[in-house]
Amino acid sequence: MNLEKRWWKESVVYQIYPRSFKDSNGDGIGDLKGITEKLDYLKELGIDVIWLSPVYQSPNDDNGYDISDYRSIMADFGTMQDFDEMLAAAHERGIKILMDLVVNHTSDEHPWFVESRKSKDNPYRDYYIWRDGKDGHEPNNWGSCFSGSAWKYDEQTQMYFLHLFSKKQPDLNWDNPIVRDEVFDMMNWWLDKGIDGFRMDVISLISKNPDFPDGIPGINGYASFNEPANGPHVHEYIQEMREKVLNRTDNMTVGECSGVTLEEAKKYASSDGKELNMVFQFEHMDVDADEGNKWTDKKMDLRDLKEVMTRWEKGLEDIAWNSLFWNNHDQPRVVSRFGSDQKEYREISAKMLATCLHMMQGTPYIYQGEELGMTNIHFDTIDDYRDLDSINAYHELIEQGVYTKEEMLKFLSMKSRDNARTPFQWDDSKNAGFSDGTPWIKVNPNYAEINAKEQVGRSDSVFSYYQKLIRLRKEHDIVVYGTYDLLLPDSKEIYAYTRTLGEEKLLVVCNFYEKEAAFSVPEEFKDAECLIKNYVDDNWGSEGKLRPYETFVLKIS
């Protein structure tokens with residue numbers, strides 16, 4: 001059994017999307033000083049690690065994931081001195097900082113790319129992926145994550161460059177050893193500054209098949225941007241990173257691995273320590289997609305979710321470590337997605353979803369506002385959206401006649417990344433206490449009811465419930481290290497599983513719907529201790545049924 005104790009297995013990570021967290025200077029944009037100001041709030045919640053979405057210098061085409069200088073701070077967010085002060089203040093409170101490492105691509109305004117596009121024999125040309133066209137068209141049919149082709153024709157040298165994301169995010173050529181050394185040097189620079197590790201953006205895409213074969217076209221005629229995932233040298237390059245960078249300090253690494261399979265994940269995150277500590281996989285984020293198309297109002301079948309989660313829990317057992325998440329900056333709010341954002345059930349379902357995730361084996365990630373049960377937002381017009389992915393998909397799918405405007409606005413209100421990016425709801429004052437200025441994106445109007453000020457200190461709030469879940473993780477090794485086993489795989493309403501460590505055993509029970517569900521507590525748990533529950537009374541599991549969105553965790557030893 002994989003019982004080697006490591007601090008990053010026992011940690012709870014909190015993701016901050018800096019633009020939307022806290023604005024300290026009234027310009028409507030969250031910043032580093034705003035984060036420093038709110039560290040005591042995070043300390044009170046009980047988290048151990050902050051994963052900081054990108055704060056580097058960037059033209060901001062894709063909200064900072066297009067970097068023009070890896071060793072400078074975006075002016076919107078402050079200065080390097082502000083960063084150093086935030087890092088020191090976090091460390092004083094025992095909170096570690098994970099930086100977002102975005103090295104599959106840079107901005108087209110990065111000095112490397114500015115040089116690269118000047119001529120075919122420029123020394124920086126080979127820092128990026130340039131190819132001639134094929135029969136007057138793109139080199140292959142790979143699509144960009146943000147719609148259209150992944151290739152852009154550049155008049156200056158009459159060749160195409162690859163961009164798996166926006167046209168302003170050209171892909172780096174990791175097959176060039178000089179590029180790898182540049183990246184490793186930059187990573188070491190940040191580790192020398194004292195940061196505690198990296199969340200690695202789309203790291204599974206860095207190695208491309210040199211033949212650039214066509215892929216299977218999707219609804220827009222292009223192959224998925226994931227086509228190059230898990231390429232021929234990806235493990236070799238990450239092992240080189242481990243040797244030249246990561247082995248220098250006791251840090252934490254998590255790779256965002258779009259297109260990852262379970263078998264590949266065993267290599268990326270193997271406990272032999274050659275590559276990364278864990279990966280983010282996204283199979284459970286596709287259970288409400290329609291054959292790869294997320295722009296749909298399809299509801300998930302709970303059995304599909306259980307199958308995916310269980311396959312990863314059991315598949316990585318004793319081999320690698322899981323990362324656990326419902327939310328991040330690229331996903332809609334989970335309470336609106338898999339729970340209920342209706343007033344009657346919002347808090348109870350938010351607690352149920354939290355229990356289901358935090359009691360599994362793996363390191364849990366909380367996305368800002370998740371601990372308050374923040375919900376999706378409803379925008380009436382495309383003009384209110386700021387997310388490139390949403391805006392491009394809206395125009396493309398309407399132009400192609402796939403959907404009407406009304407349908408696309410409905411799907412955006414359910415699935416847009418901007419659902420996660422509305423300002424953090426601090427209190428019930430103007431702009432939810434996020435900013436004295438005009439926020440860069442609209443505040444969710446429900447901030448008067450849902451905000452941190454109202455929840456901190458209220459014993460039955462979602463915030464207090466998250467505090468308790470985090471505390472249980474610190475108090476009980478079984479929550480971190482126990483093995484996972486699914487119960488009731490065929491139930492359409494109930495997600496139940498056990499955790500086992502030595503003589504100890506947990507039973508975790510979650511009703512995912514707002515109707516009652518038949519359930520009897522197994523005989524062996526009849527006299528168990530209840531560690532946590534989301535209804536205030538002690539009637540958990542009585543009368544052979546679960547109430548709407550009911551959850552509880554029982555422990556025997």
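Author: Happy to! Let us begin with a word: a residue is buried when its relative accessible area is under 20%, exposed when it is over 50%, and partly exposed in between (1.4 Å probe, protein chains only). This is a predicted model, in which local features need pLDDT of at least 70 and side-chain atom pairs count only at pLDDT 80 or more, while totals for chains, interfaces and linings use all residues. Residues are numbered from 1 along each chain as its sequence is written, and side-chain values use heavy atoms, with hydrogens and water left out.

Now to your salt bridges. A salt bridge here is a side-chain nitrogen of Lys or Arg within 4 Å of a carboxyl oxygen of Asp or Glu. By this rule the model has 49 salt bridges.

One of them joins K244 to D181, with 3.4 Å between the closest N and O atoms. This pair ties together distant parts of the chain, 63 residues apart: K244 belongs to helix 7 (residues 234-244) and D181 to helix 6 (residues 177-193). Helices (H or I, at least four residues) and strands (E, at least two) are DSSP runs, numbered from the N terminus. K244 is partly exposed at 40% relative accessibility, and D181 is partly exposed too, at 38%.

Compare that with D201 and R199, whose closest N and O atoms are 3.0 Å apart in their salt bridge. Here both partners are buried. Another salt bridge brings the side chains of E317 and K314 together at 2.8 Å, N to O, and K314 is partly exposed, with a relative accessible area of 33%. Salt bridges can also join up: D62, D330, D387, R417 and R421 are linked in a network of them.

Q15 is buried, with a relative accessible area of 1%. Its side chain makes a polar contact of 3.0 Å with the side chain of S53. A polar contact is a pair of N or O atoms within 3.5 Å; within protein, one must be able to donate a hydrogen and the other to accept it, and residues adjacent in sequence count only if both atoms are side-chain atoms. Leaving out residues up to four places away in sequence, Q15 touches W51, S53, N328, H329, I366, Y367 and Q368, where contact means heavy atoms within 4.5 Å.

Finally, visit helix 15: 10 of its 14 residues are buried, so this helix is largely enclosed by the rest of the structure. Among the buried ones are F463, Y466 and L469.
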